[in-house]
Amino acid sequence: MTVSWSPRAMRIDAAGLHYRELNRLIREMASRSVRRVELHNVFGQRYIGTNLRGRARIDIYGTPGNDLGAFMDGPTIVVHGNAQDGCGNTMNGGTIIVHGRAGDITGLAARGGKIFVRDNVGYRAGIHMKEYNGKHPLLVVGGTSQDFLGEYMAGGVLVLLGLQLREGEPHPANLVGAGMHGGVIYLRGTIDRERLDNAVTVSEPGEKETAFLRRVAREFGRHFGRDEEDIMLRPFLKLAPLSHRPYGRLYAH
């Protein structure tokens, strides 16, 4: 392990470093008000950034393990590679930017902050995202997703851009919005109706929503070098819950 640091920046070679030791070093950094951390040779270490607060930036070179940024509230994490499952688990604030793909349950129960993924996400992305005390989580995916996108979603915004899909090629995810009872999903491009849960309504975004999507496209473009105008060339679909209690008749007595 190699650690070098100045009053404002820290560099850690994480090769062979146990996740507990790595996270101990990161918490120590935070206690010393270090603003910038670079982690090199990361290879599956879990819980990086968990419960971290403040305004620091962490650059990760390699592949962080599950639950990246869990319960995080404020920092920015930039992954120069792929992220595994549970990225942004119950995140409260801050930003996670993934220059690659992210695994299953990305944004699980997030209640604030932003997550940008350049490529695809796995199963159940955005599951049980919610809104809390004026916070609205945002998950933006440049590619597409596996099944159960937005499952049990209770709040926040999920945007699926499908940038790698050909003109007219639908998003492949099944059971999109299963059990969704809050928030909104925007899909750029098309999806077959039978791939959506019955509890989801489909409409075209209004003028204010299109302006919001343009701002999202602009921020996505800043992170990943994409052109805002190119992103906005294709129309979006808006998916919203039909009911706040989609399974009320199933479980209520």
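This is a predicted model: local features need pLDDT of at least 70, side-chain atom pairs count only at pLDDT 80 or more; totals for chains, interfaces and linings use all residues.
Entry 1, strand E9. I looked up burial along E9 (residues 154-160) and found 6 of its 7 residues buried, so the strand is largely enclosed by the rest of the structure. I then checked its partners: strand E8 (residues 138-141) runs parallel to E9 and is joined to it by 4 bridges, while 5 bridges join E9 to strand E10 (residues 182-188), again in parallel.

I counted 3 aromatic pairs. One of them is Tyr19 with Tyr47, an edge-to-face arrangement at 5.4 Å centre to centre with 70 degrees between the planes. I noted that this pair links distant parts of the chain, with Tyr19 in helix H1 (residues 19-31) and Tyr47 in the loop between strands E3 and E4, 28 residues apart. Tyr19 is buried at 15% relative accessible area, whereas Tyr47, at 31%, is partly exposed.

I next looked at Tyr186 and Phe212, which form a tilted pair, 6.4 Å centre to centre and 45 degrees between the planes. Tyr186 belongs to strand E10 and Phe212 to helix H2 (residues 207-224), so the pair ties together parts 26 residues apart in sequence. I recorded Tyr186 as buried, at 4% relative accessibility, and Phe212 as partly exposed, at 23%.

I found the charged end of Arg111 over the ring of Tyr132, 5.2 Å from its centre, and Arg124 over the face of Phe148, 4.2 Å from the ring centre.

Technical notes. Residues are numbered from 1 along each chain as its sequence is written. Side-chain values use heavy atoms; hydrogens and water are left out. Buried means under 20% relative accessible area, exposed over 50%, partly exposed in between (1.4 Å probe, protein chains only). Helices (H or I, at least four residues) and strands (E, at least two) are DSSP runs, numbered from the N terminus. Two strands pair if DSSP finds at least two bridges between them. Rings of Phe, Tyr and Trp (its six-membered ring) pair if their centres lie within 6.5 Å; planes under 30 degrees apart count as stacked, over 60 as edge-to-face and the rest as tilted. A charge sits over a ring if NZ of Lys or CZ of Arg is within 6 Å of the ring centre and within 35 degrees of the ring normal.
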